[in-house]
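Dear colleague,

Below I am handing over the structure we spoke of, and after it I set out what was found in it. Please read the notes with the coordinates open beside you.

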Amino acid sequence: MKELIQYDDFAKLDIRIGQVLAAEMVPETDKLVKCTVDFGADVGVRTIVSGIALYRTPEEIVGKKLPYVVNLAPKMLRGVESQGMLLALSFGDNDFSFLLTEKDVPPGTMIK
């Protein structure tokens, strides 16, 4: 387990549902997928790079509504600026799962 944090630290995270509009491999990588993600009017459309290509093809991701941290500082990953971070599960040797909502919610819905 990681160190304990205070609620105020957790409350700083802005986690929202984003709908993947487009996805493609980052050139010259085996793991990185560049996604164009719609977060609704408040946040807009962002580019987010995730290391999930060993588990899902770009075609399998398009259309999915997934949770992302949207207030993470941008980071350059193999020449592409990633403007957030996908939240997903990785367990066992090669097991992976998206976190999906029980109901269909609009892009930009905030996770509280």
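Helices (H or I, at least four residues) and strands (E, at least two) are taken here as DSSP runs, numbered from the N terminus. By that rule R16 is found in strand β1, which covers residues 15–25. Please keep in mind that this is a predicted model, in which local features need pLDDT of at least 70 and side-chain atom pairs count only at pLDDT 80 or more, while totals for chains, interfaces and linings use all residues. Residues are numbered from 1 along each chain as its sequence is written, and side-chain values use heavy atoms, with hydrogens and water left out.

To stay with R16, its relative accessibility is 10%, so this residue counts as buried (buried means under 20% relative accessible area, exposed over 50% and partly exposed in between, with a 1.4 Å probe and protein chains only). The side chain of R16 makes a polar contact of 2.8 Å with the side chain of D14; such a contact is a pair of N or O atoms within 3.5 Å, where within protein one must be able to donate a hydrogen and the other to accept it, and residues adjacent in sequence count only if both atoms are side-chain atoms. Leaving aside residues up to four places away in sequence, R16 also touches several others, among them F39, Y68 and M110, contact being heavy atoms within 4.5 Å.

Strand β1 pairs with two others, where pairing requires that DSSP finds at least two bridges between the strands. With β4 it runs antiparallel over 5 bridges, and I17 stands opposite P67 in β4. With β2 the pairing is antiparallel over 6 bridges, and the bridge partner of M25 in β2 is V33.

As for the aromatic rings, a search of the whole structure finds 4 pairs, a pair being rings of Phe, Tyr and Trp (its six-membered ring) with centres within 6.5 Å, counted as stacked if the planes are under 30 degrees apart, edge-to-face if over 60, and tilted for the rest. Y7 and F10 form a tilted pair, 6.5 Å centre to centre with 50° between the planes, and both lie in helix α1 (residues 7–11), 3 residues apart. Y7 counts as exposed at 62% relative accessibility, whereas F10 is partly exposed at 42%. The rings of F39 and Y68 have centres 5.4 Å apart and planes at 90°, so that pair is edge-to-face. Because F39 lies in the loop between β2 and α2 and Y68 in strand β4, the pair ties together parts that are 29 residues apart in sequence. Both F39 and Y68 are buried.
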